Amino acid sequence: MKKIMILLTLFAMVQPAVAIGIGIAPAEINFNNALKGSEYESSITIFNTDSEATNFSLKATGNISDWVNFYNLNDIDNAISSVKIPGQDKAAVVVKIKVPSDAVNANYTVSLDVLSIPDTTDKAQGSGQALIIGASSKVTLAVTGDQIIDGNVLGIFTENTEPGYPLKITTRFQNTGNVVVMPKIVVTILQDNNIINSFSHETTSVKPGSTQPIIAEWMTTAANIPADYTANIDVLLTGSIIKSDNLSFKILPVGTLTQSGNLTNIYIEGEPAVDNIVKVRAYFTNTGQIENQAKFSAEVYKDNKLIDTISSDELTVPKNEETVLISYLKITEPGDYLIKGKVIYSGKETPVEEVSLKVGKSTPGFEAISLIAVMLLLVMLRGKKKSGKI
């Protein structure tokens, strides 16, 4: 009976750790023909299979670990060393590898290690030693001295538009070389076999090993006749055509494509206090079939009286995308504030949304309090002197 009790106790101790888990993909990343002095970029996806949010540390180990940095997917300028992932969720992390210009031609390997960071509060509450779990992804880098310029076009796409709106031609380009390239996209627009316009785009950089869209735009005008058109597209790399395609599209009568949008939220950023400036962030989603020019406009009320108006810059919002329209409010007096705002887009308006904030009276700072205390002390001393006690 005693042995059975020991087994049950051990099972109870191990059971909570069973739910903890981590996954990482891909398991291997390869960079062939990496050029000295170049930067290479990939990404890993980390899976948190636990039911609770977990912090994970990010570390590169190996003889080229100092070549590696990790970045948040939405901020590829500031390196990170950890990431927090909600329970039963995942997160993508960008990995950048900078090859030194004096690196020796060789095959290099580095391990991308992801480890759970124990919650110190659990240990402080007497839950015992925290369990650390981890996973790794192996990176192989073959450094050569040869410059390779190469790439693939994975697809070319466009959509119908209206007069006065841009025609966007999207080329998905994969850089299979080992240096940064800027493919040239040459477009010729025809209507009834007559050349209407021609233009090119050659300003989008694509890093080695990455795939990204390259968007070439033709800004139509009100003079463009609604009709059927053809776009002849050539994709060039170092002056040579690597892909050609012909795409049909329509310029539709004005108003054919639905224009719609939603003001989803208004947030106040900053401390609502007297003499402070707060940032008003309005979130607008373009739910229509064509891009919109959107601008946030609002009336500001204090204690139920209109005192000011604020507005944002006008921004272009592609279809099916969300943008943040930012405006600013200077608070000069305490009181109850109410912001009634709407988004004006392509001659239309969203319903008015409201956000309120309460601004209290400012409290004296340390210097003011000190001055008051000194004045009170002087008054007391003078009173004592007059009474003859000093």
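Which residue of strand 7 is the bridge partner of Phe 56? The bridge partner of Phe 56 in strand 7 is Val 83.

The structure is a predicted model, in which local features need pLDDT of at least 70 and side-chain atom pairs count only at pLDDT 80 or more, while totals for chains, interfaces and linings use all residues. Residues are numbered from 1 along each chain as its sequence is written, and side-chain values use heavy atoms, with hydrogens and water left out.

**The open sheet**

Strand 4, residues 54–61, runs antiparallel to strand 7, and four bridges join the two. Strands here are DSSP runs of E with at least two residues, numbered from the N terminus; two strands pair if DSSP finds at least two bridges between them. Both strands belong to an open sheet of five strands with mixed pairing, in the order 2-10-9-4-7. Strand 2 (28–35) and strand 7 (82–85) stand at the edges with a single partner strand each, so one side of each has no neighbour in the sheet. From one strand to the next, the twist averages 20°, with axes taken as lines fitted to C-alpha atoms and angles running from 0 to 180 degrees between N-to-C directions.

**Nonpolar cores**

In soluble globular proteins, nonpolar side chains tend to be buried together. A nonpolar core is a set of buried Ala, Val, Leu, Ile, Met, Phe, Trp, Tyr and Cys residues joined through side-chain atoms within 4.5 Å. Buried means under 20% relative accessible area, exposed over 50%, and partly exposed in between (1.4 Å probe, protein chains only). The largest such core has 56 residues, and Ile 46 and Trp 67 are among those with the most contacts inside it. Strand 16 (residues 227–237) supplies the largest share of this core, five residues. Another core, of 23 residues, lies apart from it and includes Val 274, Val 343, Tyr 345 and Leu 357.

Contact means heavy atoms within 4.5 Å. Not counting residues up to four places away in sequence, Ile 46 touches several residues, including Leu 58, Val 83 and Ile 85.

**Salt bridges**

A search of the whole structure finds 12 salt bridges, each a side-chain nitrogen of Lys or Arg within 4 Å of a carboxyl oxygen of Asp or Glu. Three of these pairs are tabulated below.

| Pair | N to O distance |
|---|---|
| Lys 168 and Glu 217 | 3.8 Å |
| Lys 168 and Glu 291 | 3.3 Å |
| Glu 269 and Lys 279 | 3.9 Å |

Lys 168 is partly exposed at 27% relative accessibility. The pair that Lys 168, in strand 12 (residues 166–175), forms with Glu 217, in strand 15 (residues 211–219), links parts of the chain 49 residues apart. Glu 217 is partly exposed, with a relative accessible area of 42%. Glu 291, in the loop between strand 19 and strand 20 (292–302), is 123 residues apart from Lys 168, and Glu 291 counts as buried at 12% relative accessibility.

Glu 269 lies in strand 18 and Lys 279 in strand 19, so this pair ties together parts that are 10 residues apart in sequence. Glu 269 has a relative accessible area of 37% and is partly exposed; Lys 279, at 22%, is partly exposed. Elsewhere, a network of salt bridges links Glu 39, Glu 41 and Lys 207.

**The loop at Asn 276**

Asn 276 is found in the loop between strand 18 (261–269) and strand 19 (277–286). With a relative accessible area of 26%, Asn 276 is partly exposed. Leaving aside neighbours within four places in sequence, Asn 276 is in contact with Glu 271, Leu 329, Lys 330 and Ile 331. Asn 276 and Thr 332 are 7.6 Å apart in space, C-alpha to C-alpha, and 56 residues apart in sequence.
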